[in-house]
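The sequence and structure come first, followed by notes grouped by topic.

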Amino acid sequence: MTDHPSPLIIPAVSVAALRDGKVLLVKRGRSPSKGFYAFPGGRVESGESLEEAARRELLEETGVIAHDLTPLAVVHIPPSPHEGAPGYELHVFTAGAVEGEPFPADDAEEAAFFDEAEIAALPTTDSTDKIALELIAASKASG
């Protein structure tokens, strides 16, 4: 029996921020998911907590500052052998409030708040689409 090394799984974070019934998304400028819209986020750096990484990635990619981060979901993204990409364990946070106007920075090609109809027309990852629409629905139900 041959042992196969387990694929590399990298811890990552993203922030699903909601403002006025719209969700903050970035158009990814690099793999994974290049060209797709997703929540701002990225890899956790050595020595960083998940929450610290989420705040840093949000600020680096959009210039937006997050307040009151709460863990929301964990999404497992499998390795992509044909692209040579590792897998990710993506920890998604929600932000109780965000400060600032988004602009694309770091590896983001675009950064903006999108409503439900706009999100339906964007190329998004399945998990981004599902979580974004759930957040918008919840905000409508509570508002």
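Which residues of α3 are buried? In this predicted model, they are T128, I131, A132, L135 and I136. Viewed down the axis of α3, these buried residues fall within an arc of 135°, so they line one face of the helix.

**Helix α3**
- Helix α3 spans residues 126–142, a run of 17 residues.
- From its first C-alpha to its last, α3 reaches 25 Å, close to the 24 Å expected at 1.5 Å a residue.
- The other side of α3 carries the exposed residues D126, K130, K140 and A141.

**Aromatic pair**
- The count of aromatic pairs comes to 1.
- The partners are Y37 and F114, arranged edge-to-face, with 5.6 Å from centre to centre and 80° between the planes.
- Y37 belongs to strand β3 (residues 37–38) and F114 to strand β7 (residues 108–114), so the pair ties together parts that are 77 residues apart in sequence.
- Y37 has a relative accessibility of 8% and counts as buried because the cut-off is under 20%.
- F114 is buried as well, with a relative accessible area of 8%.

- Across the whole structure, a search finds 11 salt bridges.
- One of them joins the side chains of R28 and E61, at 3.4 Å from N to O.
- R28 sits in strand β2 (residues 22–28) and E61 in helix α1 (residues 50–62), so this pair ties together parts that are 33 residues apart in sequence.
- R28 counts as buried at 10% relative accessibility, and E61 is buried with a relative accessible area of 1%.

**Salt-bridge network around R56**
- A network of salt bridges links E45, E48, R56, E57 and E60.
- Within it, R56 forms a salt bridge with E48, and the closest N and O atoms of the two are 2.6 Å apart.
- R56 also meets E57 in a salt bridge between side chains, at 3.0 Å from N to O.
- The relative accessible area of R56 is 16%, which makes R56 buried.
- E48, at 19% relative accessibility, still counts as buried because the limit is under 20%.

Notes. Residues are numbered from 1 along each chain as its sequence is written. This is a predicted model: local features need pLDDT of at least 70, side-chain atom pairs count only at pLDDT 80 or more; totals for chains, interfaces and linings use all residues. Side-chain values use heavy atoms; hydrogens and water are left out. Helices (H or I, at least four residues) and strands (E, at least two) are DSSP runs, numbered from the N terminus. The expected span of a helix is 1.5 Å times one less than its number of residues. Buried means under 20% relative accessible area, exposed over 50%, partly exposed in between (1.4 Å probe, protein chains only). The arc is that of the directions from the helix axis to the C-beta atoms. Rings of Phe, Tyr and Trp (its six-membered ring) pair if their centres lie within 6.5 Å; planes under 30 degrees apart count as stacked, over 60 as edge-to-face and the rest as tilted. A salt bridge is a side-chain nitrogen of Lys or Arg within 4 Å of a carboxyl oxygen of Asp or Glu.
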